Amino acid sequence: MPVELERLPVEQSEFHTSDPNAGEVMSAEMYGAFNPRYGSTEDFVFDGRRTSAGDMSLDHLAHSTMSIECAPLDYLMFIFVTGGSLTVSSGDSETRLRMGDTAVCPAGVPLTISWDRLTKEVISIPLRAAQDAAAEYGAEGELNFLGTTPVTPAMDRFWRSTVGFVASQLEAQDSPLTEPLVYSRTLNLLGTAAVRAFPNTTMTADYRPGPGRITPAALRRTVEFIDANADRPLTLTDIAVAVAVPPRALQHEFVREYGTSPLGYLHRVRLERARSDLRATDPATGTTVQSVANRWGFPDPARFSAAYRDTYGQRPDQTLSR
């Protein structure tokens, strides 16, 4: 019987202050220590709303004019400017943002950030989410973001639509991100979108030799591990570590042998587990299709229904009602 994972709390808070000292304390608690440089504090304001789940947070903020010097962040912070202006400086690079612009504040480097009567949306995620996504692309070594703005206007729109979807899930009244698998998949979605949308070392890597070969026994262990742990949050790196093979080699050989990636196989297993739960559930208990879908990491009802119908030839609600 699968182990029931503890549900994650989704927490919401609102805040408002006109006291610079109180604003500094709140900002430091949210984002880490910094050295502030204020202009006039006469009209100081810091207010907003935060929604968080695990290591992911989404903030809607309004802030009067100031400048700060930040120590290197140990997470990724993405900013969408909805009013005012913002400048992000690191080393010799400087990015100026206006309303409608998007940027990433990369981890691991000192930053100077200044703004003027700013309103913004900020989504923060662990650096590991992007590192795991890079590993799924076959990247090896340290992941670094090389610029602050998306690589193309199309990738900017892609990033914003991804964040919009995540925000709708996170801020929903009964957020599906309380389910560990949904939370894990959402982090992976954001990490993958970040690696595709913002310039980073996966885009500039020199030619790498082939991924190497792994044994059939290692592939069998991979299948067994996924089957036994499909109810747990898993990344490609997690799976590769469990079977003691390099992620890139595992990805390559698994596709050669099974016609799908390890995470693609994990998706199939979870879809089958969801089907088994639907078939075993008495509709009279009040269990819904969406609660089963959330438990197995499928927060989007339309996508779950489409994948289910394509695989089993019927809608999930038809399975539940039989």
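Tutor: Start with a definition: rings of Phe, Tyr and Trp (its six-membered ring) pair if their centres lie within 6.5 Å, and planes under 30 degrees apart count as stacked, over 60 as edge-to-face and the rest as tilted. This is a predicted model, where local features need pLDDT of at least 70, side-chain atom pairs count only at pLDDT 80 or more, and totals for chains, interfaces and linings use all residues. Residues are numbered from 1 along each chain as its sequence is written, and side-chain values use heavy atoms, with hydrogens and water left out.

Student: OK, how many aromatic pairs does the structure hold?

Tutor: There are nine aromatic pairs. One of them is tilted: phenylalanine 254 and tyrosine 265, 6.0 Å centre to centre with 55° between the planes.

Student: Which helices hold phenylalanine 254 and tyrosine 265?

Tutor: Phenylalanine 254 is in helix α7 (residues 247–258) and tyrosine 265 in helix α8 (residues 262–280), 11 residues apart. Helices (H or I, at least four residues) and strands (E, at least two) are DSSP runs, numbered from the N terminus.

Student: Which residues do ring pairs link into a cluster?

Tutor: Phe298, Phe304, Tyr308 and Tyr312.

Student: New topic. Which residues touch the most other members of the largest nonpolar core?

Tutor: Met56, Leu76, Phe78, Ile123, Ile125, Trp159 and Leu190, out of 31 residues. A nonpolar core is a set of buried Ala, Val, Leu, Ile, Met, Phe, Trp, Tyr and Cys residues joined through side-chain atoms within 4.5 Å.

Student: Where does the largest share of this core come from?

Tutor: From α4, with eight residues. A second, separate core has 26 residues, including Phe15 and Cys70.

Student: And what volume does the largest pocket have?

Tutor: About 820 Å³, a volume being the space filled by probe spheres set on grid points joined across faces, edges and corners. On a 1 Å grid over the protein atoms alone, a pocket is an open set of points where a 1.4 Å probe fits, with protein on both sides within 12 Å along at least five of seven lines; lining residues have an atom within 4 Å of a point.

Student: Which lining residues are closest to the centre of the largest pocket?

Tutor: Ser184, Arg185, Thr186, Asn188 and Leu189, of 34 in the lining. The largest share of that lining, 10 residues, comes from α4.

Definitions and conventions: Buried means under 20% relative accessible area, exposed over 50%, partly exposed in between (1.4 Å probe, protein chains only).
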